[in-house]
Amino acid sequence: MGNRLLVLGVDSGLANTGYGLVRAVNSKFEMVDKGNIQTTAKTPSPERLKIISGALDSLVEQYQPQALAIEELFFSKNVTSALAVGEARGIAKLVAANNGIPVFDYKPAEIKMAIVGYGAATKRQIQEMIKVVLNLDFIPQPDHAADALALAICHLRSRKTLELREKHIV
């Protein structure tokens, strides 16, 4: 991994799957790419998952990330929505597994802590910090792409702790 680690953050959803690629170069972070994979409600669910899979496969092939960071699934009042997100999450994890990329799950509060330093940060606070951390002149859009960038940054800020835990030092 050395001093240049590239992380693919994925904000899973059936209608919108955001992605963000962030590279750590020593102690600085740079945005490599970001975007949103969109599918329409008229498209049958299996086809939508195939579109997401194909797009993520292409990103992995193009950029060769060394890790995938994804948000843990949390249950909301809308079970149907949670199931669709779960299916999209499964696709992202499968793409990573098929390409030998380790997957790291993060809780929403962990992401907020890693980005803003406050577990109950607002979406706007997170977006402003992403702009600062990545040294951008703009807040990344759409929101799903910004969320994916936050996931990648979260992993990059957490990886040293994770490595120490694996070595049983922490």
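These legends walk through several close-up views of one chain.

The model is predicted, so to speak of local features a pLDDT of at least 70 is needed, side-chain atom pairs count only at pLDDT 80 or more, and totals for chains, interfaces and linings use all residues. Residues are numbered from 1 along each chain as its sequence is written, and side-chain values use heavy atoms, with hydrogens and water left out.

View 1. Helices (H or I, at least four residues) and strands (E, at least two) are DSSP runs, numbered from the N terminus. Reading along the sequence gives the pattern β-β-β-α-β-α-β-α-α-α. Of the 170 residues in the chain, 41% are buried; buried means under 20% relative accessible area, exposed over 50%, and partly exposed in between (1.4 Å probe, protein chains only). The accessible surface comes to about 9,200 Å², and 53% of it belongs to carbon and sulfur atoms. Such areas come from the Shrake-Rupley method with a 1.4 Å probe, and for residues only the protein chains shown count as cover. Among contacts with a separation of 6 or more, 60% are between residues 24 or more positions apart; contact means heavy atoms within 4.5 Å.

**View 2. Strand β1 and its two partners, β2 and β4.** Start with β1, residues 4–11, where seven of the eight residues are buried. Two strands pair if DSSP finds at least two bridges between them. Eight bridges join β1 to β2 (residues 16–25), and these two strands run antiparallel. A hairpin of four residues connects β1 to β2. With β4 (residues 67–71), β1 pairs in the parallel sense over four bridges. Val-10 is a handy landmark here: its bridge partner in β2 is Tyr-19, and its bridge partner in β4 is Ile-70.

**View 3. Strand β2 beside β3.** Because eight of its 10 residues are buried, β2 is largely enclosed by the rest of the structure. It pairs with β3 (residues 28–38) in the antiparallel sense over 10 bridges. Follow Tyr-19 across, and its bridge partner in β3 is Gly-35. The hairpin of β2 and β3 has two residues between the strands, and Asn-26 there takes a positive phi near 55°. While looking at the strands, keep in mind that in a regular strand the side chains alternate between the two faces of the sheet.

**View 4. Asn-16 and its neighbours.** Asn-16 belongs to strand β2. Its side chain is joined to that of Asn-36 by a polar contact of 2.7 Å. A polar contact is a pair of N or O atoms within 3.5 Å; within protein, one must be able to donate a hydrogen and the other to accept it, and residues adjacent in sequence count only if both atoms are side-chain atoms. Leaving aside neighbours within four places in sequence, Asn-16 also touches Asp-11, Ile-37, Gln-38 and His-144.

**View 5. The largest nonpolar core, with 26 residues.** A nonpolar core is a set of buried Ala, Val, Leu, Ile, Met, Phe, Trp, Tyr and Cys residues joined through side-chain atoms within 4.5 Å. Val-22, Phe-29, Ile-130, Leu-134 and Ile-153 have the most contacts inside this core. At least two residues come from each of β1, β2, β4, β5 (103–106), α3 (108–116), α4 (123–133) and α5 (143–166). The largest share, eight residues, is supplied by α5. A second, separate core has 21 residues, including Leu-8, Leu-14, Leu-49 and Ile-101.

**View 6. Ile-130 in helix α4.** Ile-130 counts as buried because its relative accessibility is 0%. Not counting residues up to four places away in sequence, Ile-130 touches Ile-115, Pro-140, Ala-146, Leu-149, Ala-150 and Ile-153.

**View 7. Helix α3 and its buried residues.** Ile-111, Ala-114 and Ile-115 are the buried residues of α3. They lie on the same side of α3 because they cover an arc of only 90° around the axis, the arc being that of the directions from the helix axis to the C-beta atoms. After α3 comes Gly-117, with a positive phi near 85°.

**View 8. Ser-158 in helix α5.** Ser-158 is buried, with a relative accessible area of 17%. A polar atom of its side chain lies 2.7 Å from the backbone oxygen of Cys-154.
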